[in-house]
Amino acid sequence: MQINALVILIYALATARATALATGTDEITRPYVRGTFNDDGETVTPGLVGRINPDELERGWRHLLAYLLTCQWCASTWLGLLVFAPLAWWHGNNPWALVPCLGLAFSMATGMISKMGRE
């Protein structure tokens with residue numbers, strides 16, 4: 001099976017966008033993944049990371065789990081290997097797999113372009 005470069009680019013951009021959503025880097029998912037904080041930096045509502053082990057996030061296997069869930073480098077590896085690489089391999093340019101990935105890819109490209117030259 002041969003996958004063309006455009007399809008690989010689409011899946012790569014979709015992986016980047018899904019990673020931003022999954023790690024709480026994006027404003028949409030930040031409260032659910034990382035929690036909400038008041039002006040003093042105190043936790044108002046713990047997110048997924050705070051619920052893993054709110055008292056001991058700085059040590060042990062729970063800290064490692066929280067880090068693996070919120071680190072963009074780590075999460076992109078897991079999402080790429082477990083979700084998007086198999087989709088690209090088995091479904092390639094099949095519309096059922098490609099259309100959702102195109103939506104994520106368009107969103108990622110738009111976000112990247114909108115940040116260029118604005119800050």
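**Six helices, two strands: reading the terms**

Author: Helices α4 and α5 pack at an angle of about 75°, with their axes 5 Å apart. Axes are lines fitted to C-alpha atoms, for helices over the stretch in contact, and angles run from 0 to 180 degrees between N-to-C directions.

Reader: What makes α4 roughly perpendicular to α5?

Author: The class for 65 to 115 degrees is roughly perpendicular; under 35 is roughly parallel, over 145 roughly antiparallel, and the rest oblique. The angle here is about 75°. Therefore α4 counts as roughly perpendicular to α5.

Reader: Which residues make the contact of α4 with α5?

Author: Y67, L68, L69 and T70 of α4 meet Q72, C74, A75 and W78 of α5. Contact means heavy atoms within 4.5 Å.

Reader: How many residues of each class are in that contact?

Author: Six are nonpolar, two are polar and none is charged. Ala, Val, Leu, Ile, Met, Phe, Trp, Tyr, Cys and Pro count as nonpolar; Asp, Glu, Lys and Arg as charged; the others, Gly among them, as polar.

Reader: What are these values based on?

Author: This is a predicted model, in which local features need pLDDT of at least 70 and side-chain atom pairs count only at pLDDT 80 or more, while totals for chains, interfaces and linings use all residues. Residues are numbered from 1 along each chain as its sequence is written, and side-chain values use heavy atoms, with hydrogens and water left out.

Reader: What is the order of elements in the protein chain?

Author: From the N terminus on, they run α-α-β-β-α-α-α-α. Helices (H or I, at least four residues) and strands (E, at least two) are DSSP runs, numbered from the N terminus.

Reader: How do you know that the span of α1 agrees with its number of residues?

Author: The expected span is 1.5 Å times one less than the number of residues. Helix α1 covers residues 5–23, which is 19 residues, so it should span 27 Å. Its end C-alpha atoms are 27 Å apart, so the two agree. G24 follows α1, and its phi is positive, near 80°.

Reader: What covers the buried residues of α1?

Author: The cover includes α2 (30–33), α4 (60–70), α5 (72–91) and α6 (95–115). In α6, M108 touches L13, A16 and R17, residues up to four places away not being counted. M108 and A14 are 94 residues apart in sequence, yet 7.1 Å apart in space, C-alpha to C-alpha.

Reader: How many of the residues in the protein chain are buried?

Author: Buried residues make up 30% of the 119.

Notes. Buried means under 20% relative accessible area, exposed over 50%, partly exposed in between (1.4 Å probe, protein chains only).
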